[in-house]
Amino acid sequence: MTKPIHIGVLTAPGSNRDGEAARAITMAGAEAHIVAFGGSLDRFDGVVLPGGFSYGDALGAGMRWALEVGDAVRAVAESGRPVLGICNGFQVLVRSGLLPGAGFGPVDDDAAGHAPARSVTLTANDHGRFVCRWVSLAVEAGNRAGIDELLPSVLACPVAHGEGRLAVRDAATVARLEAGGHVLFRYVEGTNPNGSVGDIAGLCDTSGMVWGLMPHPEDHLSPAQNPFPHRPGREGLALFEAFVSRARAN
Amino acid sequence: MVALRIEVRGRTVEDGSAAAAVASPGSEAADPARSVSSPSGVELRRVYLLDGDPGPEVLAALCETVLADAVVEQAEVLTEPPADPERVEVGFLPGVTDTEARQLEAVIKALGGGDIAAATVRAYRLPGAGPEELATLARTRWANPTIERWALGSLPAPFAPAPVEHARVDTVILDGLDDEGLLQLSRQRLLSLDLTEMRAIAAFYRDLGRVPTDAELETLAQTWSEHCNHKTFRAVIELTVRDEHGEVVSTETVDGLLKSYLRAATDTVAKPFVRSAFVDNAGIVAFDEQWDLAIKVETHNHPSALEPFGGANTGVGGVVRDVIGVSARPIACLDVLCFAPLDTPDADVPDGVLAPARVAEGVIAGIGDYGNKLGLPTVAGAVVYHPGYLGNPLVYCGSVGLLPHGAHRTGPQPGDLVVVLGGRTGRDGIHGATFSSAELVTESTEVSGSAVQIGDPITEKATMELVCNARDAGLYRALTDCGAGGLSSAVGELGASTGVRVDLAVVPRKYPGLAPWEVWLSEAQERMVLAVPPEHLEALEGLGDRWVCEVTVIGAFTDDHRLRVDHGDTVVVDLPMDFLHDGCPRRHLEAVWQPPAPGPAVEPAARPTASSALLALLAQPTVASKADLVSTYDHEVRGGTLIRPWCGPRAEGPSDGVVLVPLECWEGSRAAFALGLGINPRYGRLDPYRMALAAVDEAFRNVVAAGADPDQVSLLDNFCWGNPTLADRLGSLVRATQGCHDAAVAYGAPFVSGKDSLYNEFDGVPIPATLLITALGIVPDRDRTAQAYARAEGGDLYLLGVTEAELGGSFYHELIGRSDGTVPGLPVGDPLAVHRALHRAIAAGLVSGVHDCSEGGLAVALAEFALAGDIGLAIELSSDALAAHELLFSESSGRYVVQVAPEGRTEFAALLGDVACRRIGSPATDQQLRIAVDGEVVVAVSLAEVRAAFCGQEVTS
């Protein structure tokens, strides 16, 4: 009997895919705890920031939640426990500077010496609209999270977002993301839903402990949920199993 | 105090326009709703006005992190409005909710910048444009005067000294008013009461020996409004039916439409799965042993006409609260929209009416915004285009919820506390109930601005979660939502059987300065009212902290059967419950139904070929693909959507019904549920009775095609009609209601909820009589469903059901310019037989695909089935007594195209019994749809042609 693994599923006012994330974590063999706004994260072996519209996306998707939980989540990652941000959770990780993370990229010269300016962001989709559709996701070989061996080569799941376009300051940033092993997932088979640069759908940080992606693998846990059984692309459960096994390894 | 402004603009200017780069925060709420036909080259900037200086560090954080996304945007702080003649600024009117500004205030405070008021403004820049062009764009595209103000150049900061709170209660003199005086008072105060009702009120106060307060009069008007009281559906109606020459065919007295037809049908079919019908905010039916489903469909037509985004946004919010109001956890949304054609020329759009494209864009964005932010899948819907909706579009919003069996409590006790949850009260949405009971006229945008509410889905989400927790902990004895009429209606309803006393002075306000009657009537959104035993208050307040949701005690239930409202020491309302709820005189109305004189039954000079007619029908906006629209709604959240609005390998095929498993129910039974919709306003002009039969059949076959058991289907009725005090409008309404009854009885399907929206007229012209039927069906086994696409290996195709010459009101007749003909009704013989047969086949796992025949008939069904499956079909029909165009395009009810695998053919035939069924063809080896009639090929089109017609130019993978 292995020791029970406890995963915190964090929420802010407006989070809404916490239920599915908790179900995915449970199916992956851990105990999921949906955590009210605020509260200590010390008791968890890892945390998930689920999708939704924290604070209604006012002031930019994930901005307010990032101000609120950025430091606490950074502490989780720095203590060697994994962090997974999905959709709005991914936006929070990018806005709080956890992705692509410390050590990535120089401080921008224009930023007048204040907080390090980000060189990667998630912004409005290129078509300017919210989009919900199924995509195919390829896990990037050689990513720093080291999970490419644990996942099927292609996952299928839906996206549902208005601000999911990964944008960068300059072309060199993409090259550094790729060279540094920060690319975790890419949209494949022409399914890029938002104009993300390099078809990038997910990132990880330098430590390999912080993972983020826009699509929703938690909405594809069993074959019954898949509208495209003939397309390549398997259930998203494997990602959560990889996450739980990382939490267990700690 | 210094007023600062922070301007945010795009860093990268692409194609001469920075709009794409800067349209992010709040943009879905703020901007696509206004983007229709905006000229290119417009730059949109976000402007934040601050009523004070939070200090350099906070300003730097705001500019570099919080308000601007440094990768794509830049921000600057200005101490003066810029002198910029090429811009228009748009901001909210005072009193309109500015959610983003409230969030900004919270962030400034959290960063240590203190309490500083904020406001948001959008700045549109168009280099080279003159003031006249800018003003025109502001008026027609960028600003909506219902909720917004605008200025050329810069808007002045909106920060004014807080108005002083006042508790003045005015009285209204009724004594001495003659009939004309009473009617004039009703009009002036937007009471929407008729003479009999005004007289009843005058008599009541004469007997009482006092004058009414303003709030009492308003309370009576709200409670007695068409919206709350359904006066027309309770009225005694004298119906005269004439033939098309005007000869009287029959007369009858209808003792209430609701009682005689809708409730009567539910009573007659007496289904044990009905838990609650017509008595509460939503209908409740059994899902499985443990769980029940709640369902409600509402309309939000008039608010959406004036402020499309806000009207549709709060339409979703309102119907979701109806579902919360029966203690259910909302789990899905649906919406049905009726617009005038989007290409209606500006010159044809009357003054006071927004262009259809602008209405559609705003409504669609508003629905998506609210459902998406609540985390509810928006899964079912339809869009109907007809010129008759130009002045009065229709927005139906529906919601489904889940509750443990028996968890809804409805009995407040004297001594229970009256608790308000959720949003604060402001001046928004005053007179919504009475406004919805009046016709729209050109001046409506000016007199009824306060009738439009602004939504805040995040507060609704908190309220929803809190109520679910409170339900599970047994913390309340009754609840309802604040909908039309606000607190007046919610408190008055909850206390109807006991009596209730509340103090408006303690109701949390968004801002000071509201008069007591405004607090009482406000339709500010996202509020629920609960009856809470005092011993549970502390636990409820704990849940308020958990969900960041305000919980306020405003009074208590009494045993005196009176509605007593105070504002501190001032009495605002003191009315006996019996007069409030039973004092409204029953209406006596005249109704006449006379079918239109037969139109010219002339053959068109050149009938189009069947191939070209088919392609034209596929491109008809009502029939054509809505996939792009649907993709702006999150139909996947909660992970339980098994059959989606679009199906097939390329997600190009329109599904009949959708199927969902509630997130809470994966581990329980095998059950799922299906939703289907029936609407066809084109039938109503010819025959509203048969329109109702056909709408019930359409909704019914949608859910059955998806896998629902035809013996476990519940129905909802939503009537949108014109002014019911006019005999012709009412005659059509009575006939449709009779059709609803007869169809429900024939199908053994109870009505469990319904709603009427009447007075849908613009400047005296009614909308097409529009009946929406919603079906909720239980799918016994979530693995035994069927989808609307053909499969190459799926086997032969069959046509189940009988085609009659029923082209009346069809799209084919519209195409060839004919206005006569027979409207489809119910299938001949035992109408249930065909649906039961299909269900047996689906439940036995024999069906590889099924699609129902609806708008455009068999030909359109086959084309959609082929396109969805991305395979050609070879079809051979025999005409029997029908002409080829009748066979192909008649819209007869009760028909399905079914694909059955070869190994299941024998069993399929055995399951059918004597239900009409013919083998009509098989998948083709090429990408062609070929239909032969009696051996002659009449339709030969490629899938590429079908795709181009159905999907338009925007074909997406």
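In strand 38 of chain B, Ile931(B) is the bridge partner of Ile875(B). That bridge belongs to a predicted model, in which local features need pLDDT of at least 70 and side-chain atom pairs count only at pLDDT 80 or more, while totals for chains, interfaces and linings use all residues. Residues are numbered from 1 along each chain as its sequence is written, chains are lettered from A and ligands numbered from 1 in the order in which they are written, and side-chain values use heavy atoms, with hydrogens and water left out.

Ile875(B) sits on the covered face of strand 35 (residues 873–877) of chain B, together with Leu873(B) and Leu877(B). The uncovered face holds Ala874(B) and Glu876(B). In a regular strand, side chains alternate between the two faces of the sheet. Strands here are DSSP runs of E with at least two residues, helices are runs of H or I with at least four, and both are numbered from the N terminus. Strand 35 of chain B pairs with strand 38 (residues 928–933) of chain B in the parallel sense over five bridges; pairing takes at least two DSSP bridges between two strands. Strand 35 of chain B is also joined, this time antiparallel, to strand 37 (residues 917–923) of chain B by three bridges. One of the residues involved is Ala874(B), whose bridge partner in strand 37 of chain B is Ser922(B).

Further along comes strand 39 (residues 936–942) of chain B, which includes Ser942(B). This serine has 15% relative accessibility, so Ser942(B) counts as buried (under 20% relative accessible area; exposed is over 50% and partly exposed in between, with a 1.4 Å probe and protein chains only). Neighbours within four places in sequence aside, Ser942(B) is in contact with Gln927(B) and Gln928(B), contact being heavy atoms within 4.5 Å.

Next up are two helices. The axes of helix 28 (residues 857–869) and helix 31 (residues 943–951) of chain B come within 10 Å and cross at roughly 105 degrees. The two are therefore roughly perpendicular to each other, a label for angles of 65 to 115 degrees. Axes are lines fitted to C-alpha atoms, for helices over the stretch in contact, and angles run from 0 to 180 degrees between N-to-C directions.

Over in chain A, nine strands form an open sheet of mixed pairing, in the order 2-1-3-4-11-10-9-6-7. Strand 2 (31–35) and strand 7 (154–161) of chain A stand at the edges with a single partner strand each, so one side of each has no neighbour in the sheet.

Note on methods. Parallel < 35°, antiparallel > 145°, perpendicular 65-115°, else oblique.
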